[in-house]
Amino acid sequence: MTTSLDRDALLIGTTWQAPATDSVIEVISPHSEEVVARVPEGSTADIDAAVAAAREAFDHGPWPRMSPDERIEVVQKLSGLYAAKLDEMATVISTEMGSPISFSTLAQAPAPWMQIEAFLGIAREFPWEDVRPGVLGGEVMVRHEPVGVVAAIPPWNVPQFTVLSKVIPALLTGCTVVVKPAPETPLDTYLLADLLIEAGVPEGVVSIVAGGREVGEHLVRHPGIDKVAFTGSTAAGRKIGAICGEQLKRCSLELGGKSAAIVLDDADLTSVVEGMKFLGVMNSGQACVAQTRILVSRDRHDEVAEALAEGIGSMVVGDPLDPATEIGPMVAKRQQERVSSYIEIGQQEGARLLTGGTDRPDGLDTGWYVRPTVFAGVDNSMRIAREEIFGPVLSVIAYDDVDDAVRIANDSDYGLAGTVWTADRDAGLDVARRVRTGTYGVNTYTMDFAAPFGGFKASGVGREFGPEGLSQYTELKAVYLGESAAGAEG
Ligand code: NAD
C-alpha cells in the first residue's frame, strides 16, 4: 500500500536523485504501529555522492563566494516559504515520531522557523570582516570564512529543530552541507528539501540522506567532510568526537542531559507543578533539556512530591494527533521498553512510586505508550537520578539546605540545563550562577535563539544559536594589512 507521504528519491546536491540501492525505511506510527510512509534508506554510496556534490559546490561553486547579503536573501526567501508550511510540518512530525500535536504546533514546527529569523538577524549584524589596530603599529583584518563541507547529524526527538540549528548557520556562512536524518524521522526533511529547492539554494549546496548509524559514521569519517555538527546521545557523541579528534575535523556536539529543578522553600507550589507539567515531561519526556530531577527541601518534600504526582498523573495520554493529548507514545518499541525498564529499576532501587508505572495506560491497546511517572524519596546516587531516561519519568530528591541543593544539581555527569523556583529573583540568580550547566532559568526555562545553547561536561562541546552558534561554522583568518592608509599618509 502506498501513502501520500511516500517518496522515492533522495536530495543529493540540491536535486532529486534516484537512490543507489532499493533499500527502504518504513516509517511506523508510534500510535497505530502501522506503516505511514516508505522512503529510500540512504547507503554509503549515496553519502559518497552527496559529499562529492557538496565538495564540488564548496571548492568551485558560487555559494561560498557570494556576499553574505546574497546568501541572506536566499535564506530570507526560505523563511517565508517555511512560515507558510508550519501546520503541515507539525502534522508530519507528530505522525512520524508521536509528539503530541499541541507540542508540535507550539514548538516542533514554529521554533525552527524562529531560528531562521533569529539567524538572519544575527547574520545581518555579524562582523564578517573586521579591521582592528594591531599592537605592532599596523592593521589586521579578521575574516570569518566558511568552515567548509558540513556533516549535520540530528536525532529524532526534535527533528526540524536540530536540522535547522545546523543547516541555517551553515548556509548563511557559505558552507555546503550533507544532512543525515535519523531513520525514525525522515519525513519532515522531505518537506524541508522541497522548500530549499523552491528558495533557490544552488546546486550541490544541500543534500539529505536519511539512514542509520553505519551510514552516519561513514559520513563522519568521510575525508570530504570538514566539520561535523551532531545532536544525539552522549554515547554516540563520544564516538563521533573521537573520530573527529583523530582526523582533526571541527566538531560540535549537543548531547544528553539530566537537568535539575531546584525548588526553594518560598516557591509557589502551583507554578512548580504547572512548570514541571511542561518542562519535566515536554515532548512526552523525550527532551534533552527536560527537568527530570526535582530537588526539594526535606521539609517540603512530601507536599511537593504529592502535588507533582497529582499534576503529572492526571495528564492526558493518547493519540498524538488529538489536540487534547498531553503525553504521546514513545518514538519506538525499544524506547518504550527502555523507559519501562528504568521504572522497574527505580522500584528495585527503593524509590517510592507515587504515580505511573509499567502498566499500559487505560484504553490504549496499540502504541508505544508509557504512563507519566513520578518517584519520590529518590537518592541522587540511584540510576534513575544519574542516567538519562528520555521518557515521562520524574524523580523527587530531598536536600538539606540551598548549598546541598546546588551540590546535588552539580553531582551529575551532565550539564545541559536547569531551573530554580523561588519568590526571590536574586536568590534564584545566585543559584543560577552556581549550577554548572550551559543554560538555566529562574521560574521558567526557554531557549532564546539570540543566546548560545549547549552543554557543560558530558552534555556537549560547542554552542548552537546566537552569534556564537553562527561562529561555529566559520574559520578565522587574520590578514596583516601593514600601516593603515591614513597612518601611511601621516
Ligand atoms: P543517537 O545518538 O542514537 O542518534 C542521533 C543521531 O546520530 C541519529 O541520526 C543516529 O542515526 C546517528 N548516529 C548514532 N550513532 C552514530 C555514529 N556512531 N556515527 C554517526 N551517526 C550516528 O540519539 P537519539 O536516540 O536519536 O536521540 C536522543 C538523544 O539526543 C538523547 O540523548 C538526547 O538528550 C539527545 N539530544 C540532545 C539535544 C541537545 O541539543 N543537547 C537535543 C535533542 C536530543
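Reply: In this predicted model, the centres of domain 1 and domain 2, taken over C-alpha atoms, lie 31 Å apart. The domain assignment builds domain 1 from two stretches of the protein chain, 10-255 and 459-477, while domain 2 covers 259-442. Where the two meet, 26 residues on the domain 1 side are in contact with 31 residues of domain 2.

The area buried between domain 1 and domain 2 comes to about 2200 Å², and carbon and sulfur atoms account for 59% of it. Within the area that domain 1 buries against domain 2, a share of 28% is supplied by H31, W156 and S459, which is more than any other three residues give.

Turning to the polar side of the interface, 14 residue pairs are in polar contact between domain 1 and domain 2, counting pairs in which both residues have pLDDT 80 or more. The rule also finds one salt bridge across this interface; R334 forms a salt bridge with E184, and the closest N and O atoms of that pair are 3.0 Å apart.

As for the secondary structure behind the domain 1 side, α3 (86-97) and α4 (101-108) each supply at least two of the residues that touch domain 2, and α4 gives the most, with five residues. By residue class, this side of domain 1 divides into 10 nonpolar, 13 polar and three charged residues.

Terms used
Residues numbered from 1 in each chain as written. Predicted model: local features only at pLDDT ≥ 70, side-chain atom pairs only at ≥ 80, totals over all residues. Heavy atoms only, no water. Domains from an automatic or database assignment. Contact = heavy atoms within 4.5 Å. Buried area = accessible area lost by both parts, 1.4 Å probe. Salt bridge = Lys/Arg side-chain N within 4 Å of Asp/Glu carboxyl O. Polar contact = N/O pair within 3.5 Å; in protein donor to acceptor, adjacent residues only side chain to side chain. Helix = DSSP H or I, 4+ residues; strand = E, 2+ residues; numbered from the N terminus. Nonpolar A, V, L, I, M, F, W, Y, C, P; charged D, E, K, R; others polar.
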